[in-house]
Amino acid sequence: MPQIFSHPAMPILLWCTILALIVALALYIVGRFRGDAGDDQPAAGGMLSNFRELHSQGGLSDQEFRTIKTLLAEKIQGELKDTSDKG
């Protein structure tokens, strides 16, 4: 057996290497899942349609719906601009 494996620091180096591999694997897995998380969000126009339906069913007050509509208006205009820039 080579003498390097009998060095007292070898177990520490081995465990540090294993730990580094586990951390790298965990970061890779988390990155894969987090990268796909934003893709499932509906467009602002679709969200507004859902809120409009909720409002018509009585789930939102008029003021709540106006607030949501105001907040989504800028996002909708941004989406429309992105669509017109691509086309």
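Q: How many helices and strands are there in the protein?
A: Start with the secondary structure. This is a predicted model, with three helices and zero strands. Along the sequence, the pattern reads α-α-α.

Q: How do I judge the length of a helix, say H2?
A: Compare its end-to-end reach with the span expected at 1.5 Å a residue. Helix H2 covers residues 44-56, 13 residues, and reaches 18 Å from its first C-alpha to its last, close to the 18 Å expected. After H2 comes Gly58, with a positive phi near 90 degrees.

Q: What share of the residues is buried?
A: Burial is read from relative accessible area, and buried means under 20%. Here, 7% of the 87 residues are buried. The accessible surface of the protein is about 7600 Å², and carbon and sulfur atoms account for 63% of that.

Q: Which residues make up the largest nonpolar core?
A: Look for buried nonpolar residues joined through side-chain atoms. In this model the largest such core has six residues: Ala44, Leu48, Leu60, Phe65, Ile68 and Leu72. H2 and helix H3 (62-86) are the elements that each give two or more residues to this core, and H3 gives the most, with three. Leaving aside residues up to four places away in sequence, Leu72 touches Ala44, Met47, Leu48 and Phe51.

Q: Is Ile22 buried or exposed, and why?
A: Exposed means over 50% relative accessible area. Ile22 has 51%, so Ile22 is exposed. This residue lies in helix H1 (residues 10-37). Together with Leu14, Trp15 and Ile18, Ile22 forms a nonpolar surface patch with about 430 Å² of accessible area.

Conventions
Residues numbered from 1 in each chain as written. Predicted model: local features only at pLDDT ≥ 70, side-chain atom pairs only at ≥ 80, totals over all residues. Heavy atoms only, no water. Helix = DSSP H or I, 4+ residues; strand = E, 2+ residues; numbered from the N terminus. Buried < 20%, exposed > 50% of the residue type's maximum accessible area, 1.4 Å probe, protein only. Areas by Shrake-Rupley, 256 points an atom, 1.4 Å probe, with all protein chains shown as cover. Patch = residues over 30% accessible without salt bridge, like charges linked within 9 Å, V, L, I, M, F, W, Y side chains within 5 Å. Salt bridge = Lys/Arg side-chain N within 4 Å of Asp/Glu carboxyl O. Expected span 1.5 Å × (residues − 1). Core = buried A, V, L, I, M, F, W, Y, C linked by side-chain atoms within 4.5 Å. Contact = heavy atoms within 4.5 Å.
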